[in-house]
Amino acid sequence: MNASGQPPPGTDPESGEFASMQDLQRAIRAAFDAEPGPAPRVRVAVLRHIHAQQSDNRVGLLAQLSAWLRAPLVPRWAPAAAMLLILVQGAALLYLLPDQTNPTAAVTTRALPTHATRLRVAFKPLATAAQIRDLLGVLGARIVDGPTPTGGYVIELPTADPRQLGEKLAAARARRDVLLTLELAPP
Amino acid sequence: MDLSDQAAARDIDLLAAAASGDPAAFELLYDRYERRVYNYVRSFVRQPALAEEVVIDTMLAVWHGARSYVQASRVSTWILGIARHKALDAVRKAGRQGADLQLDQAAALVDPAAGPADDIDRKRNAQLMQRAIAHLSADHQEILRLAFYEDLPYAEIAALLEIPDNTVKTRVFYAKQQLKGCLEKLGLESAQ
């Protein structure tokens with residue numbers, strides 16, 4: 001009977017051969033059991049290889065983990081994105097900068113051309129500040145210069161069509177109690 | 001579950017643990033198979049040093065290939081199959097076939113560390129059997145080892161040796177006949 005509880009291979013349990021085959025199998029097993037094993041160096045060599053591989057794997061895993069953690073910080077697309085940003089910035093600067101072929105166009109002056117109408121006015125000496133504000137309100141004007149030594153002011157009216165401007169001026173001239181003179185100021 | 005099945009189940013557990021990278025499990029598996037693989041390899045490879053190299057190659061292949069084991073056969077069949085291929089490769093590379101061991105070489109197979117003095121008879125019987133087995137052809141030694149010592153089913157032996165089931169049966173039959181003849185001959189010689 002072998003270890004699996006089956007009759008020895010090649011025997012019939014009902015035959016007389018069975019008992020002798022049991023002995024034969026036991027003897028065979030004993031003979032194989034008595035065989036010597038390999039030298040201890042074999043076990044040492046195998047296990048050393050495996051433990052060395054385990055160590056290599058651990059180092060490899062740490063390296064992989066490190067690379068994985070570093071990947072978001074140094075993505076491969078970063079250089080491309082940086083280059084793209086530089087190009088966009090360059091294009092924006094070229095678009096926004098003034099045309100350098102006409103340097104005078106870049107010079108700003110304090111005397112910006114105005115499209116408003118300027119009038120030189122003089123108010124009556126007895127006119128009150130409220131009356132003057134009221135008149136300026138009628139004209140929609142603001143004082144931009146003055147007073148001069150002779151009591152004159154320069155006022156500025158927003159651009160309007162000539163008909164409206166004429167109506168406003170007529171209304172202003174009608175205010176004899178406030179207005180002394182009213183004339184166009186030289187440009 | 002009998003002892004053989006329990007051992008097979010234990011082997012599967014150990015191999016699965018080894019496949020997941022557990023060196024301690026592999027160490028246990030190694031200890032269960034080292035001697036068996038070595039002596040199986042010795043059926044093909046005469047030089048002990050070369051046989052030891054084959055054992056190293058085999059057990060490293062088991063470690064590296066543990067994940068490829070699919071339970072189509074016993075773990076023992078799988079491991080011995082690897083050992084067989086490695087041994088035959090080694091024999092081919094060495095340019096010689098593993099010839100039958102001579103009687104004086106067979107005597108050297110007895111484990112010098114075996115049993116105490118009161119086991120002399122058992123030791124002598126084992127030695128006699130070893131010498132008788134050593135007289136057999138490599139094929140017969142192998143089939144006896146696989147069938148009687150490794151307890152492999154005929155179907156797995158057939159798959160391992162790549163021969164038909166019926167060939168396994170006839171080979172077992174003739175191996176037993178040869179062994180009996182050798183035992184009778186050696187028994188007479190020792191009696192004289």
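Begin in chain B by selecting Tyr33(B), Val37(B), Tyr40(B) and Val41(B) of helix 2, which meet Ile79(B), Leu80(B), Ala83(B) and Ala87(B) of helix 4. Here contact requires that the C-beta atoms of two residues, placed from the backbone, lie within 7 Å. Helices are DSSP runs of H or I with at least four residues, strands are runs of E with at least two, and both are numbered from the N terminus. The contact of helix 2 with helix 4 of chain B comprises 8 nonpolar, no polar and no charged residues. In this classification Ala, Val, Leu, Ile, Met, Phe, Trp, Tyr, Cys and Pro are nonpolar, Asp, Glu, Lys and Arg are charged, and the others, Gly among them, are polar.

This is a predicted model: local features need pLDDT of at least 70 and side-chain atom pairs count only at pLDDT 80 or more, whereas totals for chains, interfaces and linings use all residues. Residues are numbered from 1 along each chain as its sequence is written, and chains are lettered from A and ligands numbered from 1 in the order in which they are written.

**The geometry of the first pair**

Show helix 2 and helix 4 of chain B as cartoons: their axes come within 10 Å and cross at roughly 40°. That makes helix 2 of chain B oblique to helix 4 of chain B. Axes are lines fitted to C-alpha atoms, for helices over the stretch in contact, and angles between N-to-C directions run from 0 to 180 degrees. Angles under 35 degrees count as roughly parallel, over 145 as roughly antiparallel, 65 to 115 as roughly perpendicular and the rest as oblique.

**Chain B as a whole**

Of its 192 residues, 39% count as buried. A residue is buried if 20 or more other C-beta atoms lie within 10 Å of its own, exposed if 12 or fewer, and partly exposed in between, with C-beta atoms placed from the backbone. Among contacts in chain B between residues at least 6 apart in sequence, 68% join residues at least 24 apart.

Most residues other than glycine have a negative phi, and most peptide bonds are trans. Gln71(B), in the loop between helix 3 and helix 4 of chain B, has a positive phi of about 60°. Gln71(B) counts as exposed because it has 11 C-beta neighbours inside 10 Å. Asp151(B), in the loop between helix 7 and helix 8 of chain B, has a positive phi near 55°. Asp151(B) counts as buried because it has 23 C-beta neighbours inside 10 Å.

**The interface**

Next, select the residues at which the two chains touch: 38 come from chain B and 29 from chain A. Which helix of chain B gives the most to the side that touches chain A? Helix 2 of chain B does, with 8 residues. By class, this side of chain B has 23 nonpolar, 4 polar and 11 charged residues.

**The sheet of chain A**

Move to chain A and select its open sheet of 4 strands, which has the order 2-3-1-4 with antiparallel pairing. Strands pair if DSSP finds at least two bridges between them. Strand 2 and strand 4 (179–184) are the edge strands, each pairing on one side only. The twist averages 40° from one strand to the next.

Follow the pairings in turn:

- Strand 1 (117–123) and strand 3 of chain A are joined by 6 bridges, and Arg118(A) has Glu156(A) as its bridge partner.
- Strand 2 and strand 3 of chain A are joined by 3 bridges, with Asp145(A) opposite Val154(A).
- Strand 1 and strand 4 of chain A pair over 5 bridges, with Phe123(A) opposite Leu179(A).

Helix 5 of chain A packs on the sheet, touching strand 1, strand 3 and strand 4 of chain A.

Zoom to the loop between strand 2 (142–145) and strand 3 (152–157) of chain A, where Pro147(A) lies. A cis peptide bond, with omega about 0°, joins Gly146(A) and Pro147(A).

Finally, select helix 4 (129–139) and helix 5 (162–173) of chain A, which pack at about 160° with their axes 9 Å apart. That makes the two helices of chain A roughly antiparallel. Leu135(A), Val138(A) and Leu139(A) in helix 4 meet Lys168(A), Ala171(A) and Ala172(A) in helix 5. This contact has 5 nonpolar, no polar and 1 charged residues.
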